[in-house]
Amino acid sequence: MTPEEKLAALEEMLELEAGDLAPTTKLSRLEEWDSLAALAFIVLMDDRFSKTITGEQIRSFATVQDIMDEMEM
Amino acid sequence: MQSEIRATIDAIEYYLPQKVLTNAELCKNSEKWSDEKIVSKVGIRSRHVAKEGECASDLAEQAAQKLFAQHAIDPASIDFIMLATQSPDYPLPTTACILQDRLGIPTTAGALDFNLGCSAYIYGLMLAKGLVLSGAASRVLLLTAETYSKHLHAEDMSVRIIFGDGAAATLVSANGKGAVIGAFDLGTDGSGFENIIVQTGGMRYPEGTNDGSTSGDKDENKRFLYPDCLYIDGAEIFSFALRVVPETVKRVLEKSGLSQDDIDLFVFHQANGFMLRVLKKKLKIPNEKFFVDMEDVGNTVSASIPMTLKRACDAGLVHPGDKVMLVGFGVGLSWGATIITAGESDGSPSAGETVAAAGESDGSPSAGATVVAAGESDG
């Protein structure tokens, strides 16, 4: 998955418009990144990457880039 | 030759406290949440909550009285009472002992409480089956009753939208007419014990803080935000369920010598609509075989599986001979699954049973027989 595709997948997951997210976007400033979004991300990772993401990993994310780094097989 | 003893689920009833808490009421002071958002995310519109002074024993008593009345069960015939609750009336004595007296069950009956949550019904069926097969008891009253609302912090919307109170009563007997309880798969992972927890009130932290506003960043320090109240690490529990539920489903099928296609209906613990949708998809269970019915009750913890099973029966979804898989998972962390086979029937309602009343969907406990207990087996 290219960085662009990852951003698009995250934007879709968070019900945002294309271009709303950048790798540098701080999650603390992103209202849509809430506990339900975290669950949606766990599903996305399980579904598309067959990877289990823990709550601890999710709590360690600070920026969108941190999330994108996990989005690998 | 004596035939092998079978443990059967002969009747189920449930009781919901009268007080109803709607999404609208919950969202009154919240900018973030709305009725619509809650419904779309977790599939819950309202839940019943116990009023002050209304305890697990009271809900369990109502459910048991209903079971006795609707199914012509004599309390004197019960020789074991088992109550699953994580909101007992007192630290001690055992709430099941109090219920022995209140329900007019003989003093010769055994009684115990066991502390499990969302997996409790599976464990209760396993224990009841064990008692019946060992000959230690022949008619077990399995009660599951929770008032989790009393564990919730008034400001913690993430849990208040999910949980509802309720109780269920199940009669498990030796060689009854109802659904035969089959194989079990059980599991435990105590390393995740802090992921669903009420920290204070036990002997490790006996003093409650009586403080819902500890210092520190609300989001980053949430684990310790409301130590007297229920804490759930949603992400951890979600990952846990995605991991263990498919495994336990697979294993209970193997132990039963069945394939997933052999199962006629799946009744999972009604955790929340979102989690159930994801699990259904992951397990590739067709919609019509996956029963979800929690819009008006929420997650009732240990009462959820029997209540949902009863509702599936009332809705006509369980037919004689059907194989129904029950799966529970949650606090502990603990999980389990079993497969029950609905009683055979010649089509005519058997003595003492009435046909389930159709068309009731207002959420009030409806009268009528469980199809779990439909008809005579051929014996």
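Let's start with the packing of one helix. The buried residues of α8(B) pack against α2 (35-49) of chain A, and also against α2 (35-42), α7 (234-256), β11 (265-268) and β12 (323-330) of chain B. Buried here means under 20% relative accessible area; exposed is over 50%, and partly exposed is in between, with a 1.4 Å probe and protein chains only. Helices (H or I, at least four residues) and strands (E, at least two) are DSSP runs, numbered from the N terminus.

A word on the source. This is a predicted model: local features need pLDDT of at least 70, side-chain atom pairs count only at pLDDT 80 or more, and totals for chains, interfaces and linings use all residues. Residues are numbered from 1 along each chain as its sequence is written, chains are lettered from A and ligands numbered from 1 in the order in which they are written, and side-chain values use heavy atoms, with hydrogens and water left out.

Back to the helix. Which residues of α8(B) are buried? In this helix, residues 273-283, they are B:Gly273, B:Phe274, B:Met275, B:Leu276, B:Val278, B:Leu279 and B:Leu283. Now its two ends. At the start, a side-chain oxygen of B:Asn272 comes to within 3.0 Å of the backbone nitrogen of B:Phe274. After the helix comes B:Lys284, with a positive phi near 55°.

Next, the interface. 16 residues of chain A are in contact (heavy atoms within 4.5 Å) with 17 residues of chain B. Together the two chains bury about 1300 Å², 61% of it on carbon and sulfur atoms. That area is the accessible area (1.4 Å probe) that two parts lose on being put together, summed over both. Four salt bridges are found across this interface. A salt bridge is a side-chain nitrogen of Lys or Arg within 4 Å of a carboxyl oxygen of Asp or Glu.

Which elements of chain A give two or more residues to the side that touches chain B? They are α2 and α3 (55-60) of chain A. The largest share, seven residues, comes from α2(A).

Now the salt bridges, over the whole structure. Take B:Lys32 and A:Asp34, with closest N and O atoms 3.8 Å apart. B:Lys32 sits in the loop between α1 (23-27) and α2 of chain B, and A:Asp34 in the loop between α1 (3-13) and α2 of chain A, so this pair joins two chains. A:Asp34 is buried, at 16%.

B:Arg102 and B:Glu61 form a salt bridge at 2.6 Å, N to O. B:Arg102 is in helix α4 (residues 95-102) and B:Glu61 in helix α3 (residues 56-70), so the pair ties together parts 41 residues apart in sequence. B:Arg102 is partly exposed, at 30% relative accessibility.

Then B:Asp189 and B:Arg243, with closest N and O atoms 3.8 Å apart. B:Asp189 lies in the loop between β8 (179-188) and β9 (196-197), and B:Arg243 in helix α7, so this pair links parts 54 residues apart in sequence. Both are partly exposed: B:Asp189 at 22%, B:Arg243 at 36%. Last, B:Glu13, B:Lys66, B:Lys310 and B:Asp314 are joined into one network by salt bridges that share partners.

Methods:
Polar contact = N/O pair within 3.5 Å; in protein donor to acceptor, adjacent residues only side chain to side chain.
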